[in-house]
Amino acid sequence: PAALQHDLGGHLPHRRLAFRCVPVKAVCEAIGASYRYIPEEKAVELVGEEWVLYFRKGEKIAKYNDEIIDLVMPACIIEGEMHIPLRTILENISFN
């Protein structure tokens, strides 16, 4: 969505947009979700009205509610902030 693209730092090429890792805070602000960092697991949990997404640093799997999903790339920490693959969000969350 254009609003999410704008909130994540401006124009991103469409063919590469889905393969980018984006900051959790920016994603949550753009989609109206909350999040919590779980330091002992090096993980982050994004929470929407009807869903929960769980990512762990360095792993190429995530959880959408209780379902295991494969990631294109693992979640990572960049300059102290958790980044997650945008593709996973776009494929699993409804923007209605």
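## Secondary structure

In this predicted model, the chain has 4 helices and 8 strands. Followed along the sequence, these elements come in the pattern α-α-β-α-β-β-β-β-β-β-β-α.

## The three-stranded sheet

An open sheet is formed by 3 strands, which lie in the order S1-S8-S7 with antiparallel pairing. Its edge strands are S1, covering residues 21-23, and S7, covering residues 76-78, and each of these pairs on one side only. On average, neighbouring strands of this sheet are turned by 45° against each other, if direction is ignored.

In general, the strands of a sheet pair through backbone hydrogen bonds, in either a parallel or an antiparallel arrangement. Here the pairing of S1 with strand S8, which spans residues 81-85, is antiparallel and extends over 3 bridges. Within this part of the sheet, proline 23 has histidine 83 of S8 as its bridge partner.

## Helix H3 against the sheet

Helix H3, made up of residues 24-31, lies across both S1 and S8, and the helix runs at about 75° to S1.

## Burial, contacts and surface

Of the 96 residues in the chain, 35% count as buried, where buried means a relative accessible area under 20%. The chain exposes about 6,000 Å², of which carbon and sulfur atoms supply 48%.

Contacts can also be described by the separation of the residues in sequence: among contacts in the chain between residues at least 6 apart, 34% join residues that are at least 24 apart.

Notes. Residues numbered from 1 in each chain as written. Predicted model: local features only at pLDDT ≥ 70, side-chain atom pairs only at ≥ 80, totals over all residues. Heavy atoms only, no water. Pairing = 2+ DSSP bridges. Helix = DSSP H or I, 4+ residues; strand = E, 2+ residues; numbered from the N terminus. Axes fitted to C-alpha atoms, helices over the stretch in contact; angles between N-to-C directions. Contact = heavy atoms within 4.5 Å. Buried < 20%, exposed > 50% of the residue type's maximum accessible area, 1.4 Å probe, protein only. Areas by Shrake-Rupley, 256 points an atom, 1.4 Å probe, with all protein chains shown as cover.
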